[in-house]
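Hi everyone, thanks for coming. I have one structure for you today, so let me put it up and then talk you through it.

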Amino acid sequence: MSTDFDAVIVGAGFGGMYMLHRLRQKGFAARVIEAGSGVGGTWYWNRYPGARCDVESVQYSYQFSAELEQEWEWTERYATQPEILRYANHVADRFDLRRDIQFETRITSAVFDETANVWRVETNKGDKVAARFVITAMGCLSSPNTPKIEGLADFKGPTYHTGNWPHDGVAFTGKTVGVIGTGSSAIQSIPIMAEQARHLTVFQRTANYTVPAHNKPLDPAYVAKVKAHYPEMRKRAKTKPAGIDFVINMASAIETPEAERRRLFEERWAYGGLGFMASFSDLLLNDESNKTAADFVRAKIREVVKDPKTAEILTPKNIIGCKRLCVDTGYWETFNRPNVTLVDISDEPIERITAAGLRAKGQDYAFDCLVLATGFDAMTGALLKVDIRGRGGVALKDKWREGPKSYLGLTVVGFPNLFTITGPGSPSVLTNMLPSIEQHVDFIADCLEALRARGVSVIEPIEQAQEAWVGQVGNAANITLRSTCSSWYVGANIPGKPRVFMPYIGGLPAYIAACETVVKNDYEGFALA
Ligand code: N01
């Protein structure tokens with residue numbers, strides 16, 4: 001059976017772009033289908049004010065090309081969304097990727113034809129394409145969650161979702177604004193919206209932990225040093241669970257004397273960023289240790305927020321780091337502003353959206369614009385929007401009705417020749433996405449090359465291997481406190497979604513080792529035909 005392409009790649013974010021590049025290098029014909037009008041994935045869609053990456057720019061970048069590393073200049077410790085989008089565009093131009101990317105097109109279905117062993121892919125533009133492989137690179141946080149609050153359509157003003165922000169920006173100057181949600185997107189955008197708006201009302205269901213970014217322009221001497229030592233830094237990063245090169249203090253928080261513990265927390269706090277959770281090695285393993293970090297942050301909130309009642313509402317009650325830790329610039333300070341109101345909706349959901357605003361706890365709130373900072377249907381949302389059918393016409397959404405199951409987060413029993421970059425069961429969202437993406441892509445590209453070399457046309461994981469991997473993902477999750485709260489990691493933010501801890505929390509080094517063993521043992525766990 002002839003095919004139009006060896007592979008169809010879904011999505012032109014960092015995963016899809018690198019996948020295209022690698023497949024081309026190996027002489028495969030690939031086509032990328034991308035819904036947006038440009039590359040960049042998450043950085044194309046999430047254009048809300050204040051959007052930036054909370055992994056340091058020199059680490060949140062590709063490492064496959066030394067030339068690219070050397071020629072690109074990051075300007076800030078944490079890169080802004082526009083800067084990361086410029087980087088994505090630079091990569092697309094530099095490696096001449098656009099000619100194989102079909103923009104403004106969504107895949108609607110991908111059906112495996114068992115008689116010909118090809119995927120038949122259809123798009124919303126009427127394309128019908130046959131390909132040997134389908135490789136999804138659709139992102140883990142790319143399907144925005146619009147909560148089903150009654151009356152949403154009644155609101156007379158504009159409604160914006162942080163995950164699908166207007167490309168021309170939004171002028172909030174002189175406007176009254178209502179914001180629903182206090183996750184990372186809200187925590188980044190609220191301080192900036194508050195500076196612009198006449199009044200900002202924040203509706204908070206769950207208080208969140210955040211640590212200061214201490215963002216700053218990058219010193220050229222520091223950049224030169226990083227550039228001179230990129231390979232060593234990348235190598236060190238790959239030995240860390242999150243794939244980020246920061247120092248993990250291997251001591252236990254509760255076994256460290258209080259004064260020393262406080263000193264270490266203060267030191268990390270002053271440095272800023274996600275490394276705060278590496279102050280001690282057991283913060284996500286032990287309730288008591290976790291409480292020391294949580295109490296430290298809670299005290300910081302009371303130091304900053306002047307009104308004790310507001311400080312109390314902003315103080316998280318749950319485990320620190322259970323939901324994704326946020327990184328901010330001036331978040332709590334924002335609640336000292338006279339034009340900002342915080343409304344606690346933890347005990348009663350919003351009653352309804354009205355024409356003028358919303359009604360919560362028996363009170364009406366009016367505003368000109370509504371911002372939904374309400375997150376995503378994470379890890380499975382984008383995949384399951386597409387009608388993906390494997391052997392016997394079985395739909396992926398039926399196969400995953402009780403929760404996603406995969407082999408290595410990359411492949412699924414019954415769906416031959418389908419690869420899911422950063423799929424559920426992979427470390428992805430618990431790691432620095434760029435090195436994780438590159439590792440996945442290299443694994444897939446090498447696999448396709450190996451199959452071609454031996455004339456194999458179909459690869460599919462076997463049931464026992466998948467079950468064993470699912471068991472490993474579950475066991476790793478059970479060890480940590482991270483799986484114990486209602487977060488998007490377990491699908492708790494989407495009503496009706498099965499509660500399964502979706503990412504693999506065993507760390508990037510363990511995951512890389514598992515993939516290497518599979519390859520060394522001749523694609524152990526896969527059936528090749
Ligand atoms: O989404 P979220 P996000 N009524 O799900 C609330 C990554 N990211 O877009 O906690 C009222 O975290 C919800 O309340 P609750 C990062 O991995 C990275 O902010 O469910 N409230 C919560 O407060 C992050 O974790 C960066 O009780 C409702 C908020 O909406 C992930 O993306 C920057 C509600 C949603 O928070 C998602 O972050 C930004 C309802 N019906 C994001 N429904 C970087 O810096 C939801 N909420 C790299």
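I'll start with the ligand, then turn to some strands, and finish with a few single residues.

First, some housekeeping. This is a predicted model, in which local features need pLDDT of at least 70 and side-chain atom pairs count only at pLDDT 80 or more, while totals for chains, interfaces and linings use all residues. Residues are numbered from 1 along each chain as its sequence is written, and side-chain values use heavy atoms, with hydrogens and water left out.

So, the ligand. Which residues come nearest to the ligand? Out of 23 residues around it, those are T182, S185, R205, T206 and K323. A residue is near a molecule or strand here if one of its heavy atoms lies within 4 Å of it.

Where does the shell come from? Domain 1 (5–143 + 377–528) and domain 2 (152–372) each supply at least three residues; the domain bounds come from an automatic or database domain assignment. Helix α5, residues 184–196, gives the most to the shell, with three residues. Helices (H or I, at least four residues) and strands (E, at least two) are DSSP runs, numbered from the N terminus.

A polar backbone atom of R52 is 2.9 Å from an oxygen atom of the ligand. For D54, a backbone N or O atom lies 3.2 Å from a ligand oxygen, and for A373 a polar backbone atom is 3.2 Å from an oxygen atom of the ligand. Taken alone, the ligand exposes 910 Å², and the protein buries 88% of that. Those areas come from the Shrake-Rupley method with a 1.4 Å probe; for residues, only the protein chains shown count as cover.

On to the strands. Is strand β1, residues 5–10, mostly covered or mostly open? Mostly covered: five of its six residues are buried. Buried means under 20% relative accessible area, exposed over 50%, and partly exposed in between, with a 1.4 Å probe and protein chains only.

Two strands pair if DSSP finds at least two bridges between them. β1 pairs in the parallel sense with β6, residues 128–136, over five bridges, and F5 has A131 in β6 as its bridge partner. β1 also pairs in the parallel sense with β2, residues 30–33, over four bridges; there, I9 stands opposite V32.

There is also an open sheet of three strands, in the order β13-β14-β15, with antiparallel pairing. β13 (352–353) and β15 (363–366) stand at the edges with a single partner strand each, so one side of each is left without a neighbour in the sheet. Two bridges join β13 to β14, residues 357–360, and R352 stands opposite R359 in β14.

Now for the single residues. K227 is found in helix α6, residues 220–228. This lysine is buried, with a relative accessible area of 12%. What does the side chain of K227 contact? A polar contact of 2.6 Å joins it to the side chain of E73, and the backbone oxygen of W72 lies 3.2 Å from a polar atom of the K227 side chain.

Next, some backbone angles. Most residues other than glycine have a negative phi. D96 has a positive phi, near 50 degrees; D96 sits in the loop between α4 (81–94) and β3 (101–102) and is partly exposed at 38%. Phi of E104 is also positive, near 50 degrees. E104 lies in the loop between β3 and β4 (107–113), and is partly exposed, with 46% relative accessibility.

E114, in the loop between β4 and β5 (118–123), is 277 residues from R391 along the chain, yet their C-alpha atoms are separated by 6.7 Å.

That's my tour; over to you for questions.

Terms used
A polar contact is a pair of N or O atoms within 3.5 Å; within protein, one must be able to donate a hydrogen and the other to accept it, and residues adjacent in sequence count only if both atoms are side-chain atoms.
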